[in-house]
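Hi,

Here is the structure I promised to pass on. Have a look at it first, and my notes follow below.

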Amino acid sequence: MSQHVHDTGCEEYNTLTRRAFVGAAAGVAAAATLPAWLPKVVLAQSASSRDIIVSVFLRGGSDGLSMVYPFTDTNYYTGRPTIAIPRPDSNSATRGIALNGQFGISAAMSSLVPAYQAGNLLVVHGAGLVDNTRSHFDAQRFIEVGKARDPNLVSGWLGRHLATSTPMRSNAPLRALGLTQGMPRTLVGAPKSLPIPNPAGFGLGGSTTTRTERSAWLRGDYEAVDTSIGAPALDALNTVTLLNNINFNGYVPSGGAVYPNTGFGRGMRSAAALIKADIGIEALQLDIGGWDTHSGQAPAVVNGNMARTMTDLAQSLAAFHADALTGGVSYNVTVVVLSEFGRNVRENGSQGTDHGRGSCMFVMGPGIAGGRVMTNNWVPLARENLESGQDLRVTIDHRDILSEIVSRRLGNTNLGVIFPSYVPTVRGVTL
Amino acid sequence: MGVTLEHDEVHGAEQGLATAEVSGEAGVSSRRKFFVTAAAAAMVIGGAKEARAQAVGGRRARRKLPEPVRGVSLALASAAAPPDAQLAVWRDPVGRLLRRATLGITKEELTRAKALGFSKYLEEQLRPSTIDDREVAAFVATNYPTLKMTPEELYGADQGKVSTELQESTIYRAAFSKRQLYERMVEFWSDHFNIDREKVGYLKTTDDRDVIRKHALGKFPTLLKASAHSAAMMRYLDQTDSRRGNINENYAREIMELHSVGVDGGYTQQDVNELARVLTGWTVSGRGIFTYDAQIHDFGPKSVLGKTVPATAVGKGLAGKNEADAIIDALALHPKTAHYIAIKMTKFLLQYDPTDAMVAAVEAEFTKTKGDIPSMIRVILTEQNLMGAPVKYKRPFHWAVSSVRALGPSVTSVSVVRGLVDNMGQSLFAWDTPDGYPDKMEFWSGLVLARWNAANSIAGQTAATFNFNVTPFVGTTAETGADLIVERLFGGEVPESFRTRLADFLRPAPTNTARVREAVGLALSSSQFQWY
């Protein structure tokens with residue numbers, strides 16, 4: 001997907017679209033106030049009280065104890081002689097930053113401290129799957145479909161949320177997208193949803209003269225076939241027009257936000273642009289990999305293996321916070337970040353950690369009761385307190401957190417459909 | 001916080017319909033409406049299935065029908081099922097066999113296979129060494145010299161070239177080798193024993209040669225053992241970091257979960273830890289030679305999957321290494337392995353959701369033949385199975401290779417195809433997790449725009465290194481032009497409406513080559529060309 005140019009090579013198309021825009025809803029006055037990167041998008045229509053959700057999956061089993069760590073617990077330091085994050089009150093150059101009297105955030109993630117202090121970032125620790133699988137693929141599947149060990153459940157929890165709620169915009173061609181190289185299971189089952197790895201390059205290539213004709217031919221072809229491939233094809237055709245209205249490359253973030261030039265950073269930047277473009281997208285799924293740190297984990301080494309991944313994650317989230325949640329206009333967005341499992345409390349023979357159980361989640365947004373590290377009966381990480389003698393126990397089911405977001409921030413009470421056979425405990429995630 | 005969540009634990013459609021409408025916040029649809037919609041969708045799907053049963057000669061569909069829809073989850077599950085209308089179009093059993101046993105129909109191969117007949121063609125493909133493939137071998141030897149290098153030589157080679165040659169030779173062989181079923185199995189095992197080149201670098205070249213390609217149509221236990229002795233695999237799954245007293249369990253877990261007995265194979269976390277102990281000492285030395293290092297082996301007593309591994313005297317011999325070999329031998333022929341490999345191969349070669357009976361037959365063959373891969377394929381690719389098998393959706397690599405095969409370009413480099421495969425999301429040997437690229441329609445079907453652009457690009461290639469000669473498609477009338485495309489790309493089997501639409505695009509007459517190229521691009525983009 002490289003041939004199509006939306007901001008330079010397609011004048012005829014742009015002119016037509018602009019005319020359609022001016023004639024349609026908002027009128028010339030509104031058009032004059034639009035930012036330069038967003039020249040043609042209809043901003044009118046009623047605002048919704050529902051949040052847009054940005055869901056982030058840390059693929060590979062992220063070591064929550066390297067992200068947010070219990071610095072007062074000596075068991076943490078004895079279990080991790082080479083990879084522990086130094087205490088915030090130590091002199092180490094790589095020490096973390098205290099979030100409260102018990103937990104610190106690693107230096108690699110320090111860019112998230114402002115969001116935490118602003119009360120917009122909640123850390124949930126000891127969270128995860130109740131099912132004790134240590135298989136990446138089972139654990140990811142169980143979390144994404146919203147239920148463990150149900151082979152008949154193939155759709156994702158977010159997909160079912162969208163399937164059971166009316167669109168925020170009745171005429172939106174696209175309600176959800178994965179900024180991913182394939183459809184993330186979390187979104188499977190969602191109407192009007194697509195994987196779009198790079199929204200800036202989304203268009204039909206080839207001769208501009210025949211583009212409309214070819215597009216129409218393809219529409220006719222896919223309209224006639226089964227929905228399994230017909231629906232995504234038609235969604236793609238409809239979305240081309242939509243995304244071509246947005247100049248992603250010229251997008252200027254607010255609040256002085258700078259997104260890292262990484263796959264995830266660019267993804268969060270696109271997410272912000274899509275949200276601000278106000279085109280009816282209500283759910284975005286992003287993935288960030290690199291968390292399967294069996295060896296050479298180095299979370300507290302500048303440019304260390306996990307330190308780099310954490311920095312990427314934190315800087316991207318922080319930029320999004322500055323850009324979309326506090327930069328001039330605060331958008332109604334909830335961001336939720338989770339992983340399939342955490343890792344062993346004690347490090348292994350290769351200065352890494354093997355598959356464990358509980359990890360930490362992050363929830364961020366103006367409607368989130370943040371500025372806290374939420375735990376449930378947190379105990380010292382002594383061997384006798386650990387699951388199988390080696391792991392942080394899961395004391396908060398991830399579905400508790402997601403259920404509250406779905407019901408309180410996304411305005412969908414169909415929790416029995418979204419998380420089948422589960423009665424969530426209210427943890428107080430939202431304001 | 002004083003928040004009260006409205007819990008709704010009703011799962012049954014009946015109960016759901018009986019539930020009063022939820023008057024939630026603005027913008028929330030009622031459960032009633034949703035359930036009704038879901039039930040209607042399920043009925044439509046059921047109807048399509050009936051139609052298919054008729055279409056395949058009135059024979060009852062052997063595919064297991066889903067349980068009566070009881071709730072939303074099941075309804076959504078059914079909605080992802082592939083369509084069956086295509087089965088009425090693909091009537092020729094040899095065409096069906098070619099779609100599954102090769103990486104794409106070509107006119108020449110179809111003619112040859114029809115002349116040989118179903119069974120003879122399949123038997124020929126199951127014995128790749130009997131197929132004369134010298135032309136392709138010579139091209140590969142000349143153009144991709146790094147494939148033959150030792151780890152030492154690879155270490156000293158241009159790493160970009162090593163990577164490119166592995167990817168491009170894979171595409172070239174898949175497109176042009178006459179040993180097509182073998183190439184399909186190379187694709188399958190490359191995912192089954194997935195290794196990310198990003199992590200192991202040039203070692204993947206040796207794994208591809210000495211593990212995957214050496215045993216792709218051999219015996220499963222030999223293949224599993226070869227993979228376990230692969231320096232690339234040792235490195236990829238961190239076995240090289242595991243040592244006595246400080247185990248790394250990554251490879252121990254995945255050889256059970258992904259390579260042999262499967263995640264439901266009945267092992268425990270304890271088994272993973274114990275197998276990791278057994279495997280200590282298995283590592284890599286030099287520039288990438290599998291090595292057993294007794295210095296770091298754990299000679300203590302161990303127990304894996306109920307089998308005791310007694311303590312042995314600390315020694316320099318191979319006694320410590322043999323412990324793991326014995327366990328891997330047992331894993332290779334474990335009943336759970338027979339089941340797991342049978343399911344996976346049947347899904348890959350035949351259909352997304354095989355019946356229990358189909359899997360049982362393949363599993364029995366695995367057991368009977370001690371994991372003989374061709375014997376299992378013989379049970380999977382029967383005429384009866386193929387005539388009832390629902391369509392599968394081509395993954396990007398498969399789609400790209402089938403496009404090349406259909407167009408029959410003159411080629412001295414497939415670098416353009418490599419770029420297109422990357423764009424479509426399936427860069428070869430670049431899937432980072434050990435489960436391999438997904439073979440699921442819903443994962444890929446949304447990436448359709450990249451595929452359309454690749455289609456347009458490939459049909460437009462006129463470079464000397466990759467030249468698609470469009471002249472043979474230029475017909476006297478639009479109808480003739482459409483017929484020529486349909487014959488070449490689809491083995492002649494498409495719905496009449498499709499042929500008409502293609503002809504419509506070529507009107508008034510397919511004399512303008514640019515127009516013909518676009519028509520071919522659209523044909524490759526069409527829903528028809530996505531199935532196999």
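Strand 1 of chain A (residues 52-58) is largely enclosed by the rest of the structure, because seven of its seven residues are buried. Buried here means that 20 or more other C-beta atoms lie within 10 Å of a residue's own; exposed means 12 or fewer, partly exposed is in between, and C-beta atoms are placed from the backbone. Helices (H or I, at least four residues) and strands (E, at least two) are DSSP runs, numbered from the N terminus.

Before you go on: this is a predicted model, where local features need pLDDT of at least 70, side-chain atom pairs count only at pLDDT 80 or more, and totals for chains, interfaces and linings use all residues. Residues are numbered from 1 along each chain as its sequence is written, while chains are lettered from A and ligands numbered from 1 in the order in which they are written.

Back to strand 1 of chain A: A:Ile52, A:Val54, A:Val56 and A:Leu58 point one way, A:Ile53, A:Ser55 and A:Phe57 point the other, and all are buried. The strand pairs (DSSP finds at least two bridges) in the parallel sense with strand 9 (residues 333-339) of chain A, over seven bridges. In that pairing, A:Phe57 sits opposite A:Leu338. Six bridges, again parallel, link strand 1 to strand 8 (residues 283-288) of chain A, with A:Ser55 facing A:Gln285.

Beyond its neighbours within four places in sequence, A:Ala271 is in contact (C-beta atoms, placed from the backbone, within 7 Å) with A:Val54, A:Leu179, A:Leu284, A:Leu286 and A:Phe320.

**Over in chain B**

Chain B has an open sheet of three strands in the order 5-7-6, with antiparallel pairing. Strand 5 (410-411) and strand 6 (462-463) stand at the edges with a single partner strand each, so one side of each has no neighbour in the sheet. Two bridges join strand 5 to strand 7 (residues 466-467) of chain B, and B:Val411 has B:Phe466 as its bridge partner.

And where is B:Asp196? In the loop between helix 11 (180-192) and helix 12 (197-200) of chain B. B:Asp196 is partly exposed, with 15 other C-beta atoms within 10 Å. B:Asp196 and B:Trp431 are 235 residues apart in sequence but 5.6 Å apart in space, C-alpha to C-alpha.

Cheers

Note on methods
Two residues are in contact if their C-beta atoms, placed from the backbone, lie within 7 Å.
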